[in-house]
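This briefing is meant for a reader who is meeting the structure for the first time. Please keep the sequence and the 3D view open while reading, and follow each topic in turn.

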Amino acid sequence: MKILVSACLLGENCKYSGGNNYSKIVSNFVRGHDVIPVCPEVLGGLPTPRCPAEIVNGVVINKEGICVDQEFRRGAARAFEIAKENDVDFAILQSRSPSCGVKEIYDGTFSGSKITGQGIFAKMLMDADIRALDVEELAQMNRNDRNIHFEKIANARDLGGLQTMNGCTISLGLLLRSANLSDATEEDIIDLREKYHLSKIIDLRTETERRERPDVTMESVEYQSIPVFDESVAGISHEKKGMNEQIFSMFPKMGQLYSRMVTDPSCLEHLGKAARSVMEHDFTKGSVLWHCTEGKDRCGLLSAILLLALGADRNTIMEDYLLTNQVNGPKSEKYYQMMLAAGKAETEAEVVRNIFLAKEEYLNMAFEAIDAQYENTDTFLREGLHIPENLIEQFQKNVQEKE
């Protein structure tokens, strides 16, 4: 895909002030695509830095009252030629710029007030039916739909786009969660490698689960096995039993399991190890993905821990956790109906259905167990999971973008 991007969003110092508007969200979004950076104002012959300008009654005037309309239009025309020459699929443009503003521009009073309208270059693209996307619209789109649609990797999504309580946004394409990778297709692997530059996988499953459904191997991708628990800790049995016994022995009581994962010393040790592995990752090499079997419980709890470390509130964490039901809802209903069709009691069918669903009460039991044992979230991260404060700070710098 060919994407034209306002050069300032990629870190080029072409902004009127001499700086840039670098966006990690944009940088991660366009990774793996053909990127065509342009700055219409520089292309029009304007220097950097330069006096800020706004559109006044259809004419571009700078703050000193000098008309720079000719330079802006010349630069917009050249940028438009570049877009046509490269046959771009769409453009990502800087918000409110007199050149690149897509939905709004400043009103010409140099007071910071905004009006509905387009910058000169943005309007040229839109008049030619070339889609122009405001950078802020891109961020909002990715906050609203973070699901990743693979062929055979289920329940996959990106933590990028979520906001934290300190006004930051988690960068796109760095923190990925999913169900197991055993059925990943060649196309799935290509997407992980080329679009997300995957460089580390953390498998949270037990030895038995890994043996029964091993992940596909990916060259040059680091693989770590960090089982959160073994079958005995979870209360799962693989012994041969009668059907009724087997149903209930294979599936632990979920709420209790969540509490146990944040109180059992062995589980805490392994959750802490997995969280530190994510935080210590070199994100300049690409993304990290963690998974369990369904991408729901162990994967969901590690995701919650990482989001807590990044400063997300619990409502945000819960919303991310419950997104699993968009994927697993149809599967859970299928197995529920299969159990009923096989003549099983509704209570047994409910057990099977619930094993595939994320339920608010499950994650809340983990939060309640944390609150009962630790003074606050920071204490849980530092003392319960043994994550150093400086590692959390570095993690935040590596994967967050200021609004």
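In this model, helix H14 passes helix H15 in a right-handed crossing, where a crossing is right-handed if the near helix is turned clockwise from the far one by less than a right angle, and left-handed if anticlockwise. The model is predicted, with local features needing pLDDT of at least 70 and side-chain atom pairs counting only at pLDDT 80 or more, while totals for chains, interfaces and linings use all residues. Residues are numbered from 1 along each chain as its sequence is written, and side-chain values use heavy atoms, with hydrogens and water left out. Helices (H or I, at least four residues) and strands (E, at least two) are DSSP runs, numbered from the N terminus.

**Helix H14 and its neighbours**

- Helix H14 covers residues 324–341 and helix H15 covers residues 346–355, and the two pack at an angle of about 155 degrees with their axes 8 Å apart; axes are lines fitted to C-alpha atoms, for helices over the stretch in contact, and angles run from 0 to 180 degrees between N-to-C directions.
- H14 and H15 are therefore roughly antiparallel to each other, given that angles over 145 degrees count as roughly antiparallel, under 35 as roughly parallel, 65 to 115 as roughly perpendicular and the rest as oblique.
- On the H14 side, Ser-332, Glu-333, Tyr-335, Tyr-336, Met-339 and Leu-340 meet Glu-346, Glu-348, Ala-349, Glu-350, Val-352 and Arg-353 in H15, with contact meaning heavy atoms within 4.5 Å.
- The residues of this contact of H14 with H15 divide into 6 nonpolar, 1 polar and 5 charged; Ala, Val, Leu, Ile, Met, Phe, Trp, Tyr, Cys and Pro count as nonpolar, Asp, Glu, Lys and Arg as charged, and the others, Gly among them, as polar.
- Helix H13 (residues 314–322) packs with H14 at an angle of about 30 degrees, the axes being 6 Å apart, and H13 and H14 are therefore roughly parallel to each other.
- In H13, Asp-320, Tyr-321 and Leu-322 meet Thr-324, Asn-325 and Gln-326 in H14, and by class the contact of H13 with H14 has 2 nonpolar, 3 polar and 1 charged residues.
- Met-338, which is found in helix H14, is partly exposed with a relative accessible area of 45%; buried means under 20% relative accessible area, exposed over 50%, and partly exposed in between (1.4 Å probe, protein chains only).
- Between Met-338 and His-281 there are 57 residues of separation in sequence and 43 Å in space, C-alpha to C-alpha.

**Helices H12 and H18**

- Helix H12 (residues 298–310) and helix H18 (residues 389–399) have axes 9 Å apart and pack at an angle of about 90 degrees, which makes H12 roughly perpendicular to H18.
- Leu-306, Ala-309 and Leu-310 of H12 make the contact with Ile-392, Phe-395, Gln-396 and Val-399 of H18, and the residues of this contact divide into 6 nonpolar, 1 polar and no charged.

**The sheet of 4 strands**

- An open sheet is formed by 4 strands in the order S2-S1-S5-S8, with parallel pairing; two strands pair if DSSP finds at least two bridges between them.
- Strand S2 (34–38) and strand S8 (131–134) stand at the edges with a single partner strand each, so one side of each is left without a neighbour in the sheet.
- From one strand to the next, the twist of this sheet averages 25 degrees.
- Strand S1 (residues 2–6) and strand S5 (residues 90–93) run parallel and are joined by 3 bridges, and Val-5 stands opposite Ile-92 in S5.
- Helix H4 (residues 120–127) lies across S1, S2, S5 and S8, and runs at about 160 degrees to S5.

**The sheet of 6 strands**

- A further open sheet has 6 strands in the order S9-S10-S12-S15-S13-S14, and its pairing is mixed.
- At its edges stand strand S9 (147–148) and strand S14 (222–225), each with a single partner strand, so one side of each is left without a neighbour in the sheet.
- S9 and strand S10 (residues 156–158) run antiparallel and are joined by 2 bridges, with Ile-148 opposite Ala-156 in S10.
- In strand S15 (residues 287–291), 5 of the 5 residues are buried, so S15 is largely enclosed by the rest of the structure.
- Both faces of S15 are covered, with Ser-287, Leu-289 and His-291 buried on one side and Val-288 and Trp-290 buried on the other.
- Strand S12 (residues 175–178) runs parallel to S15 and is joined to S15 by 4 bridges, and the bridge partner of Leu-175 in S15 is Val-288.
- Strand S13 (residues 198–203) also runs parallel to S15, joined by 5 bridges, and Ile-201 has Leu-289 as its bridge partner in S15.
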